[in-house]
Amino acid sequence: MALNPYDLYDVRSLLSEEERAVQDTVARFTDERVLPIIGECFDEGRFPTELIPEIAGLGLLGATLPAEYGGSELNYVSYGLICQELERGDSGLRSFASVQSSLCMYPIFAYGSEEQKKRWLPDMAAGKVIGCFGLTEPHGGSDPANMKTHAKRDGDDWILNGSKMWITNGNLADIAIVWAQTDDGIQGFVVEKDFAGFKAQLVKHKMSLRASVTSALFFDGVRVPEANRLPNVKGLKGPLGCLTQARYGITWGPIGAAIACLDEALEYSKERILFNRPVAATQSAQIKMADWARRITSAQLLSLQLGRLKDAGRMQPTQVSLAKWNNCRMAIDIAREARDLLGGAGITTEHSPIRHALNLESVITYEGTETVHQLVVGRELTGINAFGG
């Protein structure tokens with residue numbers, strides 16, 4: 001029996017019936033609703049907001065959270081598969097769901113009060129309230145401890161000043177989860193879009209994540225009620241805990257992008273005739289695509305084991321760093337090589353590899369650059385911290 005070219009080790013057989021059903025549902029959504037429009041959205045620099053109700057209706061926002069807060073109570077392997085299938089469509093779509101679920105709903109669930117959970121989470125799961133995550137600042141994303149944004153207590157409120165940069169969903173968002181320095185360490189605040197002094201500004205002229213909203217956030221004396229402060233965490237462990245959640249999903253997403261590129265290259269190479277034979281009949285093309293399949297298979301096994309560790313409560317941040325490093329590098333290399341195999345046709349957005357390659361330039365950078373994750377693994381191996389050296 002012929003093997004599945006996109007799953008040579010039959011990783012799917014290691015999934016539960018529910019996990020396979022989740023993957024199939026999101027794959028069908030991507031095939032039917034995302035792929036027909038996403039190239040045009042990328043060309044236009046437009047996020048397909050019309051898909052938000054459908055994404056929410058499938059239970060993909062806050063999918064791992066309890067049902068009482070609007071979640072689907074799925075395990076983390078299922079969440080990973082959601083990320084994989086959404087990113088097979090486009091990194092921008094997976095970024096939207098990742099920010100909403102892991103960077104906005106998760107901190108409210110993990111660090112918020114019961115009142116905050118009930119106020120925000122059900123509407124966020126339904127796609128009625130969109131969130132963004134304000135941690136990165138213009139002067140340096142890889143050093144969050146060097147945060148300039150600050151909040152000062154003023155009676156029953158906090159006065160927030162500063163700015164954030166490279167914020168996915170910023171101009172879509174109804175609320176922003178903003179991390180700021182206080183006299184009592186870094187704390188998180190739920191900043192509502194209509195608060196006076198809060199402004200989101202679109203980042204334009206992007207060559208990556210064009211089918212995604214990227215913004216700068218500005219806070220000029222924004223008065224935030226104490227009721228909007230996340231009460232159950234202080235220090236960098238708050239935002240870093242959120243990033244670990246999101247990075248876990250990112251290890252899965254690029255697998256989808258790589259599979260999309262392999263799929264298109266396979267079909268194109270069989271149809272494209274050069275020197276009286278299909279490109280797929282050449283040794284160079286077969287060696288390339290065999291190597292992509294090897295790397296995709298390795299990434300699939302890496303993320304599946306990472307998901308099993310997370311579901312067992314045993315996942316460590318270093319393990320997430322290893323998988324993000326490996327899988328983002330795997331996907332961006334495959335996307336670039338697939339673009340090359342398509343020849344001149346590969347530079348147009350009528351084919352997906354150039355779009356995925358450009359998007360992955362962001363994915364390999366955000367939530368920890370490749371270098372940062374290499375140094376995290378190096379620190380684990382040596383016991384020596386080389387950051388800032």
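**Exercise 1.** Where is the place of Leu 14?

*Solution.* Before starting, note that this is a predicted model, where local features need pLDDT of at least 70 and side-chain atom pairs count only at pLDDT 80 or more, while totals for chains, interfaces and linings use all residues. Residues are numbered from 1 along each chain as its sequence is written, and side-chain values use heavy atoms, with hydrogens and water left out.

Step 1: look in the segment before α1, and you'll find Leu 14 there. Helices (H or I, at least four residues) and strands (E, at least two) are DSSP runs, numbered from the N terminus.

**Exercise 2.** Find which residues have the most contacts inside the largest nonpolar core.

*Solution.* Step 1: a nonpolar core is a set of buried Ala, Val, Leu, Ile, Met, Phe, Trp, Tyr and Cys residues joined through side-chain atoms within 4.5 Å. Buried means under 20% relative accessible area, exposed over 50%, and partly exposed in between (1.4 Å probe, protein chains only).

Step 1: the largest core has 50 residues, and Met 124, Phe 133 and Trp 179 have the most contacts inside it.

Step 2: elements giving two or more residues to this core include α1 (17-44), β4 (175-182) and α6 (237-271). The top giver is α4, with 10 residues.

**Exercise 3.** Work out which parts of the chain the Asp 31 and Arg 88 pair links.

*Solution.* Step 1: their side chains meet in a salt bridge at 2.9 Å, N to O. The criterion is a side-chain nitrogen of Lys or Arg within 4 Å of a carboxyl oxygen of Asp or Glu.

Step 1: Asp 31 sits in helix α1 and Arg 88 in helix α3, 57 residues apart.

Step 2: check the cover. Asp 31 is partly exposed at 40% relative accessibility, whereas Arg 88 is buried at 15%.

**Exercise 4.** Which strands hold Arg 223 and Asp 154?

*Solution.* Step 1: the two form a salt bridge, with the closest N and O atoms 2.9 Å apart.

Step 1: Arg 223 lies in β7 (residues 214-225) and Asp 154 in β2 (residues 150-154), so the pair ties together parts 69 residues apart in sequence.
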